Structure formats: structure tokens, C-alpha cells
Amino acid sequence: MTAVFSHGRLRLYLLKLLDDGPKHGYELIRLLEDRFLGLYAPSAGTIYPRLQRLEAEGLVSHTAAGGRKTYDITDAGRAELRQRASELTALETDIAASVADLSSLAGEIRSEVRGSVRDLKRELSEATRQTRRAPRWEAPAPPPRPASPPGPQAELFDELDKRLAAFTAEVGRLMRARQFSDTQLRTAIRLLDGALDGLRRLLR
């Protein structure tokens, strides 16, 4: 509950709102929210217990229809409003000041949020530019192709050479397609090392 309603002043303001006409609990909550420009709204747990106490004191009464209670001020409640008219005037002044303070605070928060969003956008833009400027991985140029040995193995050597060239080109395409995590790159290196070791053992 906002500090302006401390020391029992909320019950006084509820009487003031009910003096304008009968209302149910959620209407009172909405009216208070509107009075504070949406910057404060009391909970049902704040409003209904106070309405019950006001009713127990004979200052309000209620009628029930469709499962909803509508509260109305009694003659005793109007008498209390008249007796506390000066308090109500001071309360209205304090509410106006509180609304001004809350509006100023909300404006400061919005400015800080906008500044934070601008900073974040600037950092993201800079990171994007750095990523674009970073050198992309390029596949190394293949070594000069040795001459195929004469005889029936010539076609197999040619096929192996084509497969190696296609493998290198495909790895290069994959590396240029996106950014990779450290884990992915380490795993790729281990796979290549394992394939190379297997070929060494086979071709020695």
C-alpha cells in the first residue's frame, strides 16, 4: 500500500469514493488505480478487509447480487466524512503530490530503460560489425597433384584424388556457412585427426 494511505487514511478515501455512489470492490480498485494514473493499484486483499471493517462499524452496508457485493455508504459514514472534511482535503493534496512523484519516478525509469536498450543495441551492432570484419575460414589450396602411376591403378588414384578434393571443398563450405562453438570445433579437429591417423596406418 502506498505511504499516502498510511494511518487509516485509505478507509477515509474509500468512504469518499462510496459517497459518490454504490460500488463493488473491483470498481473501487479501478478508481484508485485511475486516480494514481495506473502507477498504483491496491490489491483485493487490501480493499475487502477494510470494507468489512467499515461495515462492522456501521459506516457502509452491502447488497449481494449475482455473487457480487455492492457497497454503499451509510448515514453514519457520511457523518464521518463531514467530521473529517479537513483530513480529506489534506489527503487529496497528498495524493496529488504522490501522483506527481510517482510520475516523475516512472519517467526516470523509462529514460533509464531506453538508455539501456540503446546501449544494448549499440553493443549488438558493434559485435555484428566485428563478426563481419573477422576473417572467415577459407579452405587451403590443395597441394599439387602428383602424377598418377601407370597401369590399372591410375583410375583408382584419380578417384581418390577427386574424393580428397571434394572432401576439402565440403569442409570449407561447412566452415563458411556459420559460426561454431569451441566444443564443435574441437570435436571436428578430433574427427579429422582420427581420419588422418586411419589413412596413415592404411597407406604405410
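In the predicted model, three strands make up an open sheet with antiparallel pairing, arranged in the order S1-S3-S2. The pairing of S2 with strand S3 (residues 68-73) is antiparallel and runs over six bridges. Within this pairing, Ala65 is found opposite Arg68 of S3. Helix H3 (residues 44-56) is packed on the sheet and touches S2 and S3. The direction of H3 makes an angle of about 115 degrees with that of S2.

Five aromatic pairs are present in the structure. One of them joins Phe5 and Phe36 in an edge-to-face arrangement, with 5.8 Å from centre to centre and 65 degrees between the planes. Phe5 belongs to the segment before helix H1 (9-19), whereas Phe36 belongs to the loop between helix H2 (25-35) and H3; the pair therefore ties together parts that lie 31 residues apart in sequence. Phe5 has a relative accessibility of 1% and counts as buried, because the cut-off for a buried residue is under 20%. Phe36, with a relative accessibility of 0%, also counts as buried. A further edge-to-face pair is formed by Phe36 and Tyr40: the ring centres are 5.2 Å apart and the planes stand at 75 degrees. The assignment as edge-to-face follows because the angle between the planes is over 60 degrees. Tyr40 is buried, as is Phe36. Through ring pairs, Phe5, Tyr13, Phe36 and Tyr40 are linked into a cluster.

Helix H4 (residues 75-83) has both buried and exposed residues. The buried residues of H4 are Gly77, Glu80 and Leu81. Viewed down the axis of H4, these buried residues fall within an arc of 100 degrees, so they line one face of the helix. In general, an α-helix has 3.6 residues a turn, so residues three or four places apart point the same way. Asp75, Arg82 and Gln83 are exposed on the other side of H4.

Definitions and conventions. Residues are numbered from 1 along each chain as its sequence is written. This is a predicted model: local features need pLDDT of at least 70, side-chain atom pairs count only at pLDDT 80 or more; totals for chains, interfaces and linings use all residues. Side-chain values use heavy atoms; hydrogens and water are left out. Two strands pair if DSSP finds at least two bridges between them. Helices (H or I, at least four residues) and strands (E, at least two) are DSSP runs, numbered from the N terminus. Contact means heavy atoms within 4.5 Å. Axes are lines fitted to C-alpha atoms, for helices over the stretch in contact, and angles run from 0 to 180 degrees between N-to-C directions. Rings of Phe, Tyr and Trp (its six-membered ring) pair if their centres lie within 6.5 Å; planes under 30 degrees apart count as stacked, over 60 as edge-to-face and the rest as tilted. Buried means under 20% relative accessible area, exposed over 50%, partly exposed in between (1.4 Å probe, protein chains only). The arc is that of the directions from the helix axis to the C-beta atoms.
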